[in-house]
Amino acid sequence: MLSTLTASDWDRNKAGILLQRAGFSGTPEEVDALASLSPTEAADFLLGPAKFLPPDPPAFLQESSMEEALKSERVKFNSLSDSAKADAKKEVAQYLRANQGRQMTELRGWWLKQMAEPARAAREKLTLFLHGHFATSFEKVRSPHLLYQQNSLFREKGYGMWSDLVLGVAQDPAMLLYLDGAKSRAEAPNENFARELFELFTLGEGNYTEKDIQESARAFTGWGIGAEKGKKGGLQRGSYPSFKNVPKWHDSGSKTIFGETGNFDGSDVVRLALAQAAAPRWIAQKLWRFYAGWPAPEPLLQELVKEWQALKGQIRPFLMAMWTNPNFYDPIRAADRVKSPTEWLVGLCRQLGRPLPAPVLSSHALSLLGQNLFEPPNVKGWDGGIAWINTSSISRRYEYGSWLVDGTQGLQKLSTLNMAKMAGESGLLKMSLPEISPEGVVIPHGIKDMDPVEKQAATEKMRETLSLPPAPVAGIATSEERQSAEKLLASLSSRFLFGETIPEDLRARFQQAAGDKIPFTDAAVRKMILAIVQSPLYQVT
Amino acid sequence: MNNHELKTRREFLRTGLLGGSLSWTLPAFLSRTMQTLHAQADGALIQGVTGRDGNILVVLQLAGGNDGLNTVIPTGNDEYRKARPTLGLTDSSILRIDPATGLHPSLSGLASAYQDGHLAIVQGVGYPNPNRSHFRSTEIWATAVDSDKSSTTGWIGRYFDNACSGCDASVGIATASQLPQSFAAATPKGVLYQGGGGTKKKTSKKKGSNLSDSDASMMSMDEDDAGDAGGSIGMLNGPGNLGKMSALDFLERTEMDAKVSQQEIANASAKAKNTVPFPSSRLGQNFAMVSRLIAGGMPTRIYYLSLGGFDTHTQQAGAHERLLKEMGDAVSAFLADLKAQGNLGRVTLMTFSEFGRRVKENASGGTDHGAAAPLFLAGGGVKAGLLGQMPSLAPKDLFDGDVKYNTDFRSVYATVLEKHLGVKSEPILKKDFPTINVYG
């Protein structure tokens, strides 16, 4: 079993590390509040109530489905000539894709907003872990609605039993589309989901055979989604599909999986997989690595596995056990955990006490930093750790850091962005459905058909929305702290670096950044903050 | 740190960073380095391998498992027709390159490179005991070790360690969101360069339209991303390798590499222009950029590009056709541009994918993970031809439904290392692999 930190081992530095790793960082006051609790109380407080309080959903869910929107046009559509039909199809497809893009931007912004809520941060952090673990991408699923549903599943079931979560994912419509389960049939089962279930979600490579995969793929047949499908087999024009068990698609023959034989279905496969010895090791290690930043070595991993088994795979108490274990704060490994782009962005905004940038700008930045939410690079999710860092991403972190600390100076720093494109993605420039005139002519309403004045106005509005003012630092440094570089750095490092040890040369660099005019102005304070944010040290913990 | 490295860094420090062209503050790592630099004598020579006229290898990864059997197709083959009743390509549609073999109809760019004598096709490439996991098999190709072994370094990384220990990080450039696992080295090198900075795959204007620029990019948002099939594998990279460094050391080093290479790359790409039009696809634009960097005299020896989406479990036909077209068109523009620059002889392009696909198609109009597959080598020094053998498709010759390899991929690596990059392959591949007869 895992050992637990005692109250006397608990200090402000550890509280700051916990707030960073378990959530999305926060203000010095929040760190102080955690430091005043016992380690167990602090972890419990961050996790919040076990009972789930759902956040208000994003607004786009209220929009009518494409099917309804298109219904009224359908009769007219059928009476069109073939060439007009082709035109109309093209216009409709374009409209659908623009709409999806806009909804995805809203969904990303909505999620980031939940992360920035102190009371929700820990649950959202776990949701982010689960999104990377059960990676599913918009690029293939193409439905903002289904991706929201999957995200809600992680949020709602994340604190509960691991087995319930895995089963929920196996029956999740976005996953059924992403790994082709929805198209798998008894005649020719599709192996994609079964393989990744074992390799990535539950066991790890080397803990199953090709035969186990083939037989499990047979067992999963019948699990599909039930909604009318569009012409391409996709969802674009259907009402939103949900999980459906279709007996006639199911291969009801006998299967042998992990040495057991029976007429198994998908639930049996999940049960059999999670009963393998490799299963607790796999998830315990992944959780530890995500939160601590480095892989647990053998003796520690064994303790984690025992803890997991004692807790019967309940996630919330397991998180508490990890976060209160002394190894979690091992000073030797303190600089080995690289912040993910999402942690970096939300955390920096929280520490600066500034609101998040507009959803379209946040999404753009995260995508270029290597973490486009809802579009992980592949089914393995993001590798994390030092894979976040390369010559391109580090330059961008420093650049975006300057936007958030010093502001964008109007739009000067954003001059490379395409405002019209962003106006489209953020919904300021809205396409409407193509119409069919009484004469049977398709009247397109794409962006290119819009009134130039309207377009211009939307682009202007976009500029206003995107430009960021300098961070409000009036309350960050007191007049006393502005009297010397040493005092200012002490204050800023306790906000941004949780009082971690700063090497001497770095300390000098930070102090020089503020200049030598005492008392320090807001601009000088921001210069020191920027020097901290644009340093390797700020990228870890 | 040796003198070669110091020299290029020092040049940069003198002219670039301290000149104030970059807005960053001086990092601690750099200020330490500066003191060391001032203490060093001038005059170290740049070693041969970093020279601006050395040979270059361009690696193109086809992530997700390219269907080799529908890329290089056996003609008049009953087994092929039986296994691929809906996906099989007819003899009349394929681009015939010899009596028994043809290329997918959308690979016209590669077919003409073959006619021009610049394309070799190595058939049946794989390795013993094939693994059908995307990640593990990619790792096997990246680390170039036996499929039951593992390594913390990649084969390109070991080439850097062995042959260019003194080079700057820009000796390897990858256009991807993350450094490939094959770059992992004892002394990490490699720079990421993302030309366009967009997030979408395609930014093409519709032909014949008279849209303004902003309209065109609005349209790009609307374009079909071929996301219907093969979408669960976009990019494939492995986790990084720290060697003996801490994450913080790695960050400091990367910060420095970023500053040095940004300047270098900006200088090189400002010097050169593309002489032929490139496709507007993401891959096409990445090849255009690599071509400019080569023309601009970057000392880079390895360029690494990637095209994802080959995991075609469902509805393969249209998606595969689009992917191959994107690849073939981009490669043929690249070869034409290199030829016009006079650099074609210095460059070899090598494609690879982590595995081929199952011989028998599945019920979802797609194919599942397979084993051996053909790969392409292209360039001025390459001898055109079909190498290796088209593996037999007869059920008795298959292993678990997959074709068997006859050429180990490490023989291909050994060949480009020895015959093209001019280094001994044994220290890099840890074993002697026979080279194949690709270079004239």
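I take helices as DSSP runs of H or I with at least four residues and strands as runs of E with at least two, numbered from the N terminus. The model I looked at is predicted, so that local features need pLDDT of at least 70 and side-chain atom pairs count only at pLDDT 80 or more, while totals for chains, interfaces and linings use all residues. Residues are numbered from 1 along each chain as its sequence is written, and chains are lettered from A in the order in which they are written.

**Helix α4 of chain B**

I looked up what follows α4(B) and found B:Gly117, whose phi is positive, near 85 degrees. Within this helix (residues 108-115), B:Gly109, B:Leu110, B:Ala111, B:Ala113 and B:Tyr114 are the buried residues, where buried stands for 20 or more other C-beta atoms within 10 Å of a residue's own, exposed for 12 or fewer and partly exposed for what is in between, with C-beta atoms placed from the backbone. Their cover includes the strands β3 (95-98), β4 (101-103), β5 (119-126) and β10 (373-379) of chain B, as well as α10 of that chain.

**The largest nonpolar core**

I then turned to the largest nonpolar core, which has 274 residues; such a core is a set of buried Ala, Val, Leu, Ile, Met, Phe, Trp, Tyr and Cys residues joined through C-beta atoms within 7 Å. Helix α10 (residues 316-341) of chain B gives the most to this core, with 11 residues. A:Val525, A:Met528 and A:Ile532 have the most contacts inside the core. For A:Met528 I set aside neighbours within four places in sequence, and noted contacts with A:Leu488, A:Leu489, A:Leu492, A:Phe510, A:Ala513 and A:Ala514, a contact being two C-beta atoms, placed from the backbone, within 7 Å.

**Two helices against α8 of chain A**

I compared how α5(A) (residues 82-115) and α6(A) (residues 121-133) meet α8(A) (residues 144-157). The axes of α5(A) and α8(A) come within 9 Å and cross at roughly 20 degrees, and the two helices are therefore roughly parallel (an angle under 35 degrees). From α5(A), the residues A:Gln100, A:Gln103, A:Met104, A:Leu107 and A:Trp111 meet A:Pro144, A:Leu147, A:Tyr148 and A:Asn151 of α8(A). By class, this contact has 6 nonpolar, 3 polar and no charged residues.

For α6(A) and α8(A) I noted axes 9 Å apart and an angle of about 125 degrees, which makes α6(A) oblique to α8(A). Here A:Arg123, A:Thr127, A:Leu130 and A:His131 of α6(A) meet A:Asn151, A:Phe154 and A:Arg155 of α8(A).

Terms used. Axes fitted to C-alpha atoms, helices over the stretch in contact; angles between N-to-C directions. Parallel < 35°, antiparallel > 145°, perpendicular 65-115°, else oblique. Nonpolar A, V, L, I, M, F, W, Y, C, P; charged D, E, K, R; others polar.
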